[in-house]
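Subject: Structure for you to look at

Hello,

Here is the structure I said I would pass on. Please open it and keep it beside this email while you read.

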Amino acid sequence: MKSIRIGDNEAGQRLDKLLEKYLNLAGKGFIYKMIRKKNITLNGKKCTGAERLAAGDEVKLFLSDETIGKFSQVKVQKGKQTRLDVIYEDEHILLINKPAGMLSQKAEAEDESLVEHVTGYLLETGALKPEDLRTFRPSVCNRLDRNTSGLIVAGKSLAGLRVMAKVFKDRSLHKFYYCVVRGGLRERQTIRGFLLKDEKTNQVTVYDRQVEGSLPIITSYEPVSQAGGYTLLKVELITGRTHQIRAHLACAGHPLVGDVKYGDEQVNREAKKRFGIRRQMLHSCRIEFPELEKPLEYLSGKSFQAPLPEEFGRVCPEWGKL
């Protein structure tokens, strides 16, 4: 027999969802059969699986250790040891300055992403125990392209994941980026368009009018500094679509330096030759939290910033100090 005491990271979800995580190698049919036969109970009573769990609830599995061992397996992917650049941490969230070249989340089963590094970090620091991973998995709340650097929010607790997911979805959290473009831009602009994504190629096209399947986009940018024929822009994402900054600025005639998908080949060759730039010059530099629900209300109105990576300083030493 196994007893599971529900904590904050398990509370709020349906019982059957928790059991699917705990007995992760068992099928749903087996789980519901055990519920019907009263081999699984909630607070000592018969259950259906649809119950919402609360902190302090007790789930009992009247199954042999052999059966539980057969159907319950914790998998922790062992990856390369990468030191995370943690900008902020509390009991609910982590703010991480993701390096360029790292995936935010897995694209394929064998991939190693920021999620695996976060899990390893939390296990190493003792914030999570291997047993906790049976019913809860930390994750990231926003994503950046592999070759975009900067701030990513990760949830250490279920409450952290829920609150952050809500503000990213309703766009009440403000996100700012730095990027480098060729040429001299001097005026602040807010540009609008419609973005259509090709799921097969993972590439987007920006139109100045609505086309079937497209979504409206708004991008605001402000020139910060100019140096050597390049401009550093500070960009605010009013909407947040796939490749929005890269594609929208390219469509407006200001492709990002180093962007092989939407950029200018000649500009990229020049930047590679002069500065050794081998990736798109895009960095998520700042986030500003809106009013947040409990238990993250203490972060309401706060902002956090990640310094620019060294590639920006190659173009202009002053940019490397931002």
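Is Arg 274 buried, partly exposed or exposed? Arg 274 counts as partly exposed, because its relative accessibility is 44% and the partly exposed class lies between under 20% for buried and over 50% for exposed. Please bear in mind that this is a predicted model.

Salt bridges

Arg 274 has a charged partner, Glu 270, and the two form a salt bridge in which the closest N and O atoms are 3.8 Å apart. Both residues belong to helix H7 (residues 265-275), where they are 4 residues apart, about one turn of the helix. Glu 270 is also partly exposed, with a relative accessibility of 27%. As background, side chains of opposite charge can pair when their charged atoms come close.

This pair is one of 18 salt bridges found in a search of the whole structure. Another joins Arg 5 to Glu 58 through their side chains, at 4.0 Å from N to O. That bridge links distant parts of the chain, since Arg 5 sits in strand E1 (residues 2-5) and Glu 58 in strand E3 (residues 58-61), 53 residues apart. Arg 5 is exposed, at a relative accessible area of 53%.

The side chains of Lys 321 and Glu 318 form a further salt bridge, 3.4 Å from N to O. Lys 321 is exposed as well, and its relative accessible area is 63%. There is also a network of salt bridges, which links Lys 2, Glu 131 and Arg 134.

The sheet with E1 and E3

In what order do the strands of this open sheet stand? The order is E1-E3-E2, a sheet of 3 strands with antiparallel pairing. E1 and strand E2 (40-42) are at the edges and have a single partner strand each, so one side of each has no neighbour in the sheet. On average, neighbouring strands here are turned by 15° against each other, direction ignored.

E2 and E3 run antiparallel and are joined by 3 bridges. For a place to look, find Leu 42, which stands opposite Val 59 in E3. Helix H1 (residues 15-22) lies across E1, E2 and E3, and it runs at about 50° to E3.

The largest pocket

The largest pocket holds about 1,100 Å³ of space. Its lining is made up of 37 residues, and those nearest its centre are Arg 143, Leu 144, Asp 145, Thr 242 and His 243. Helix H5 (158-169), strand E8 (174-182) and helix H6 (244-251) are the elements that give two or more residues to this lining. H6 provides the largest share, 3 residues.

Leu 173

Where does Leu 173 lie? Leu 173 is in the loop between H5 and E8. Leu 173 is buried, because its relative accessible area is 4% and buried means under 20%. Leaving aside neighbours within four places in sequence, Leu 173 is in contact with Val 167, Phe 168, Ile 287, Glu 288, Phe 289 and Pro 290. The C-alpha atom of Leu 173 is separated by 9.8 Å from that of Ile 238, and the two residues are 65 apart along the chain.

Regards

Note on methods. Residues numbered from 1 in each chain as written. Predicted model: local features only at pLDDT ≥ 70, side-chain atom pairs only at ≥ 80, totals over all residues. Heavy atoms only, no water. Buried < 20%, exposed > 50% of the residue type's maximum accessible area, 1.4 Å probe, protein only. Pairing = 2+ DSSP bridges. Axes fitted to C-alpha atoms, helices over the stretch in contact; angles between N-to-C directions. Contact = heavy atoms within 4.5 Å. 1 Å grid on protein atoms, 1.4 Å probe; cavity = no way out; pocket = protein on both sides within 12 Å on 5 of 7 lines; lining within 4 Å. Points joined across faces, edges and corners; volume = space filled by probe spheres on them.
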